[in-house]
Amino acid sequence: MDIYTLSSVNPDYYGYSQIIMLYHSYRNAEFEQVQIKINQWFNASLCSCLGSILDLIQSNYNDVYFSFDDDRIRYTMQRNGFLPYYGYDKLSDGYNTTIGYKKLLPQDGKCFSEYVNDQLLSRNDYPEKSEFLKRRIHESISEIFSNAKLHSDTINIYVCGQCFKGKHQIVFTLTDTGIGIKERVNNTLGTNYDSIDAIKWAIKDRHTTKWGVPGGIGLSILTEYINENNGIFQIISDDGFYELKDQKEEFRKFDLPFPGTVVTLVFRMDDEDVRHFDDNDAFPY
Amino acid sequence: MDKIKIDVYNIVSSPYCVESEDGERIFQAIEKALGKGRDIVVSFKNVEIITTAFLNPAIGKLLECHTKEEVLAKMSFVDIIESDKLKINRVIETAELYYKDPDRMQRTVDSIYED
């Protein structure tokens, strides 16, 4: 039995590349044992996209097994509820750093909001943070969930996060295995965009693939929030990679496509420089 | 004539206004009152989160059959924080543009090459 190794997996181009390669290594396998070894480090928020592709792999009657070179990684993935999907016991989170792995239906929007509130915002790690910042985080994550629901035709939405107290960061990843941004945009516009041009189009203000009702401002508002927070916003869809970091945008291509869309948001919890609305922004109505 | 009060929390049954289907229910309530020529107060008391996925059908869709001036003359929003008011503002502006020219989206094909 071959062992597939994931090594030092972070939410960056190389981390996502490893998960995409894992998917393509087994996408056509049937009735096989898939042995995954996790080495050195695995950012727990990426349990979201790992879980999504393992569901696709398991749908072909493949069995998935894990091994770890460091038990601390296993403990984290047991505490956040990911490994119990693969036969491990669920452990309680004594360190209070995990943001639980969940597999939701697109129509579970309000359940998802309750999950965000319970897992991210009601915890005592950042009691000094303003309600304004917490609300913005909640809104941002909820906008991403709504986008997945409205545009991807996915069956499940996979979510997971991780709180890094030392770095004052919350990382949150949401994954769907729907049709992806490229196909959605091209179907809507009749274009032949590649994945990067499709992402570029989708993140522009007032662009939406939903016909019949106005929309297309959710992602614009989200990018404004991320820029104000000095956070990070990533989209992985098909073979396209997009990252907004330090107010700079980066686009890259993967060798092979991800079977859906991943969105990762990184929020800085030590950033008090959050813009508050001044008189010039006053509601005109 | 007394204003009609629409209590969003009561209709959505949640502090989370995140579902487009809930937005549609708010739209129906507002549209019915507008159809009777009544002034409307939309209260967001006890609502914690409002997304554009909710606001587009709830408020933006009103611009399909009413002018912005008509909607704003008849409606007011209370128990809502400033940033959410701004979000409603953007939804209304976007909806006004959309319904003036629903085919505009098709002409955005080359917009990614403009920056």
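Seven residues of helix H7 in chain A are buried: A:Ser195, A:Ile196, A:Asp197, A:Ala198, A:Ile199, A:Trp201 and A:Ala202. The helix spans residues 195-202 and has eight residues, so with seven of them buried it is largely enclosed by the rest of the structure. What do the buried residues of H7(A) pack against? Their partners are helix H6 (180-189), H8, strand E7 (232-245) and E8, which belong to chain A.

This is a predicted model. The predictor gives the complex an ipTM of 0.84 and a pTM of 0.90.

## Helix H5 of chain A and its partners

Helix H5 of chain A runs over residues 131-151. Two packed helices are described by the angle between their axes and the distance between the axes.

Take the pair inside chain A. H5(A) passes H8(A) in a left-handed crossing. On the side of H5(A), the contact uses A:Leu133, A:Arg136, A:Glu139, A:Ser140, A:Glu143, A:Ile144 and A:Asn147. On the side of H8(A), it uses A:Gly218, A:Leu219, A:Leu222, A:Tyr225, A:Glu228 and A:Asn229. By class, this contact has five nonpolar, four polar and four charged residues. An α-helix has 3.6 residues a turn, so residues three or four places apart point the same way.

Now the pair that links the chains.

A:Lys149 is another residue of H5(A). Is A:Lys149 buried or exposed? Its relative accessible area is 18%, under the 20% cut-off, so A:Lys149 counts as buried. Its contacts, leaving aside neighbours within four places in sequence, come from both chains. They are A:Pro106 and A:Ile157 in chain A, and B:Glu19, B:Ser20 and B:Glu21 in chain B.

## Loops

A:Asp153 sits in the loop between H5 and strand E5 (157-164) of chain A. This residue is exposed, with a relative accessible area of 52%. Its phi is near 55°, a positive value in a residue other than glycine. Most residues other than glycine have a negative phi.

B:Asn46 has a positive phi too, near 70°. Its place is the loop between strand E3 (40-43) and strand E4 (49-50) of chain B.

A:Gly81 lies in the loop between helix H3 (71-79) and strand E4 (98-104) of chain A. Is A:Gly81 buried or exposed? It is buried, at a relative accessible area of 7%. Apart from neighbours within four places in sequence, A:Gly81 is in contact with A:Lys90 and A:Tyr101. A:Gly81 and A:Ile99 are 18 residues apart along the chain, and their C-alpha atoms are separated by 9.1 Å.

## A strand residue

A:Val263 is part of strand E8, residues 248-268 of chain A. It is buried, with a relative accessible area of 10%. What does A:Val263 contact, leaving aside neighbours within four places in sequence? The list holds A:Ile144, A:Phe172, A:Thr173, A:Leu174, A:Phe233, A:Gln234 and A:Ile235. A:Glu243 is 20 residues away from A:Val263 along the chain, and the C-alpha atoms of the two are separated by 9.8 Å.

## Chain B as a whole

Chain B has five helices and five strands. From the N terminus on, they run β-α-β-α-β-β-α-α-β-α. Of the 115 residues in chain B, 56% are buried. Among contacts with a separation of 6 or more, 82% join residues 24 or more positions apart. The chain exposes about 5400 Å², and carbon and sulfur atoms supply 47% of that area. Its mean pLDDT is 89, with 87% of the residues at 70 or more.

Key: Residues are numbered from 1 along each chain as its sequence is written. Chains are lettered from A and ligands numbered from 1 in the order in which they are written. This is a predicted model: local features need pLDDT of at least 70, side-chain atom pairs count only at pLDDT 80 or more; totals for chains, interfaces and linings use all residues. Side-chain values use heavy atoms; hydrogens and water are left out. Axes are lines fitted to C-alpha atoms, for helices over the stretch in contact, and angles run from 0 to 180 degrees between N-to-C directions. Helices (H or I, at least four residues) and strands (E, at least two) are DSSP runs, numbered from the N terminus. A crossing is left-handed if the near helix is turned anticlockwise from the far one by less than a right angle, and right-handed if clockwise. Contact means heavy atoms within 4.5 Å. Ala, Val, Leu, Ile, Met, Phe, Trp, Tyr, Cys and Pro count as nonpolar, Asp, Glu, Lys and Arg as charged, and the others, Gly among them, as polar. pLDDT is the predictor's confidence in each residue, from 0 to 100. Buried means under 20% relative accessible area, exposed over 50%, partly exposed in between (1.4 Å probe, protein chains only). Accessible areas come from the Shrake-Rupley method with a 1.4 Å probe; for residues, only the protein chains shown count as cover.
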